[in-house]
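Here is a short note for a first look. Please read the points with the model open beside you.

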Amino acid sequence: MNDTSRILRRGEVLALTGLSKSLMYEMRARGDFPSPIRLSKRAVGWYQTEIIEWMASRPTATKENLQ
């Protein structure tokens, strides 16, 4: 298994994306964020590749569009 097919837990996803837990779940409910996979009865995770692809698809802020 290479590093990009890792399964990330919620804390890693939040740290990587910079999102809050509530915003991440709100975006997921709207279909704007990758869905987690069930790891066990009480645990979920996300494929690292899906999170990286999601991040790459997001618009980037520039100094010009922040003004």
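1. Ile7 stands opposite Tyr47 in strand E3. Two bridges join strand E1 (residues 7-8) to E3 (residues 44-47), and the two run antiparallel. Strands pair here if DSSP finds at least two bridges between them. Strands (E, at least two residues) and helices (H or I, at least four) are DSSP runs, numbered from the N terminus.

2. This is a predicted model: local features need pLDDT of at least 70, side-chain atom pairs count only at pLDDT 80 or more, and totals for chains, interfaces and linings use all residues. Residues are numbered from 1 along each chain as its sequence is written, and side-chain values use heavy atoms, with hydrogens and water left out.

3. E3 also pairs with strand E2 (residues 37-38), again through two bridges and antiparallel. Arg38 stands opposite Val44 in E3. A hairpin of five residues links E2 to E3.

4. Which residues of helix H3 (residues 48-57) are buried? They are Gln48, Ile51 and Trp54; buried means under 20% relative accessible area, exposed over 50%, partly exposed in between (1.4 Å probe, protein chains only). They lie on the same side of H3, because they cover an arc of only 130 degrees around the axis. The arc is that of the directions from the helix axis to the C-beta atoms.

5. Glu53, Ala56 and Ser57 are exposed on the other side of H3. The cover over its buried residues includes E1, helix H1 (10-17), helix H2 (21-30) and E3.

6. Mean pLDDT (the predictor's confidence in each residue, from 0 to 100) is 89 for the chain, and 84% of residues score at least 70. Confidence is lowest in helix H4 (residues 63-66), at a mean of 60. Where pLDDT is low, the predicted coordinates should not be read in detail.

Methods. Contact means heavy atoms within 4.5 Å.
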